[in-house]
Amino acid sequence: MKNYDVLIIGGGPSGSIAAIKLLKAGFNVIILEKLEFPRFVIGESLLPKCNQILDEIGIINDIEKQGFMLKPGAIFINEEKEEEIIDFRNNLGQKWGTSFQVKREEFDNVLLETAKKYGADVIHKIEVVDYNNEENEIIAEDENGNKIVYKTRFVLDASGYGRVLPKLLDLDIPSDLKLRNAILTRMTGETRRDKDKEGFIDIVIHDDNKAWFWGIPFSDGVTSIGIVCEESYFLDTNLSKEEFLLKQINEHKYLKEKYKNAKQVAPVRIINGYSAAIKKMYGKGYALSGNATEFLDPVFSSGVTLALESSSKVASLIIKELNGEEVNWKKDYEDYMMIGINVFREFVYAWYEGKLRKIFYAPNKSKQIEKSIASILSGYVWDESNYFVKNTKQKIDALVSLIDSEVNAK
Ligand code: FAD
């Protein structure tokens with residue numbers, strides 16, 4: 001049996017980024033991945049903060065040469081087709097002002113291949129089924145049902161929606177966000193934006209904020225489209241997911257026009273119950289990163305950003321620990337991650353409560369507020385010079401009150 005310094009569960013972005021950092025520091029790493037790659041996973045719109053992390057790890061060139069669609073920002077569109085453009089390049093001075101729209105089966109594959117290039121042992125079609133925390137042994141089952149035991153100095157759970165250690169160690173707690181559904185597909189042939197607005201993600205507000213759509217254009221002419229709504233909003237219609245998606249598209253002025261000549265090129269999928277929370281992100285000999293920790297909501301495309309930031313951070317701390325240094329996991333990992341997660345959490349709440357809509361569509365926003373919002377939505381949620389990073393809820397509420405009083409004074 002081969003002994004590894006670090007065993008990583010899951011070969012998504014979180015697992016690959018941690019692996020690359022650990023391998024560069026001279027540790028040996030194995031990644032156990034349940035599926036054959038390339039594999040479908042949702043989460044196709046990245047934020048500039050991702051580019052910053054990929055740059056710091058030294059692999060941004062490997063991504064840039066893939067020809068992914070450049071993403072300069074997000075365009076929010078309401079029921080009246082009014083557009084609010086958030087241009088990530090209008091940030092608070094951060095270097096990275098754009099990111100990419102990616103088919104995750106392609107993006108994740110590049111990251112995993114890069115991890116292999118740096119020396120990761122990667123085994124596919126093997127599922128982690130148990131963990132002996134005392135001995136730091138992982139038990140995995142291959143496709144023939146054989147059980148294999150791996151001994152390791154440290155386990156990193158990057159299993160995303162698999163939530164392997166949260167389930168095995170009873171770390172899961174219910175999310176405080178409502179149960180929502182996402183119903184999605186891919187299309188081609190819809191009307192695309194002109195060159196100067198190419199690559200922006202569409203976030204389309206529907207039915208007085210009861211639902212919203214994403215539209216993510218890829219460089220090969222395919223577009224990812226999905227609707228997010230509370231479960232009852234879908235179930236009460238008694239429609240199939242295919243009928244529901246089509247009906248909602250046709251009921252929105254902007255979408256009806258945009259997709260009138262579009263052709264569906266992928267099955268309609270439904271994803272539900274994806275918001276998740278956790279009691280703690282680490283323990284003796286193990287840690288969790290990416291979606292295996294908290295997952296909030298897709299509206300601001302924060303998932304991969306948080307996955308990359310957490311795995312980059314966790315890898316630095318694992319390196320310290322394996323080198324015999326003292327690590328303050330609570331302060332340097334969990335508390336740190338929660339700063340960024342909580343900023344996004346307040347933005348997500350403010351979105352569903354209709355507060356952000358008021359802010360986005362307010363006519364006289366200051367340039368500083370515009371930049372601060374662009375910066376947050378770019379993923380720079382640890383930048384304490386940003387107005388919204390500390391006391392996020394109070395700051396949003398204060399701004400909404402100001403906007404309301406200006407409207408009332410007219
Ligand atoms: P994953 O990408 O899920 O990778 C985990 C890997 O672990 C998988 O390959 C899986 O096969 C493997 N695995 C699982 N269990 C086991 C096991 N027992 N043994 C071995 N391997 C295992 N994020 C964005 O950034 N942008 C978006 O636009 C966006 N849109 C979203 C839309 C919706 C509707 C939802 C629900 C999420 C969205 N997200 C988005 C979030 C995004 O999907 C995740 O945050 C991201 O995939 C997390 O990456 P990860 O590496 O942690 O996990």
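This is a predicted model: local features need pLDDT of at least 70, side-chain atom pairs count only at pLDDT 80 or more; totals for chains, interfaces and linings use all residues.
The domain assignment divides the chain into three parts. The centres of domain 1 and domain 3, taken over C-alpha atoms, are 35 Å apart. Each of these two domains contributes four residues to the contact between them. About 350 Å² is buried between domain 1 and domain 3, and carbon and sulfur atoms account for 87% of this area. On the side of domain 1, the residues that lose the most area to domain 3 are Phe300, Thr305 and Glu309, which together make up 85% of what that side buries.

The ligand is the next point of interest. Its surroundings comprise 37 residues, and the closest of them are Glu33, Ile42, Tyr161, Asn291 and Val304. By residue class, the shell consists of 18 nonpolar, 13 polar and six charged residues. Among the secondary-structure elements, helix H1 (13-24), strand S8 (126-132) and helix H9 (303-322) each provide at least two residues of this shell.

Several polar contacts involve oxygen atoms of the ligand. A polar atom in the side chain of Asn291, one of the closest residues, is placed 2.6 Å from a ligand oxygen. In the side chain of Arg39, an N or O atom lies 3.0 Å from an oxygen atom of the ligand. Gly303 takes part through its backbone, where a polar atom is 3.4 Å from a ligand oxygen. Of the 1,000 Å² of accessible area that the ligand has on its own, the protein covers 97%.

Two features of the backbone remain to be described. Most residues other than glycine have a negative phi, and most peptide bonds are trans. Against this background, the peptide bond that joins Phe37 and Pro38 is cis, with omega at about -5°. Pro38 belongs to the loop that runs between strand S2 (29-32) and helix H2 (48-57).

Terms used. Residues are numbered from 1 along each chain as its sequence is written. Side-chain values use heavy atoms; hydrogens and water are left out. A residue is near a molecule or strand if one of its heavy atoms lies within 4 Å of it. A polar contact is a pair of N or O atoms within 3.5 Å; within protein, one must be able to donate a hydrogen and the other to accept it, and residues adjacent in sequence count only if both atoms are side-chain atoms. Accessible areas come from the Shrake-Rupley method with a 1.4 Å probe; for residues, only the protein chains shown count as cover. Helices (H or I, at least four residues) and strands (E, at least two) are DSSP runs, numbered from the N terminus. Ala, Val, Leu, Ile, Met, Phe, Trp, Tyr, Cys and Pro count as nonpolar, Asp, Glu, Lys and Arg as charged, and the others, Gly among them, as polar. Domain bounds come from an automatic or database domain assignment. Contact means heavy atoms within 4.5 Å. Buried area is the accessible area (1.4 Å probe) that two parts lose on being put together, summed over both.
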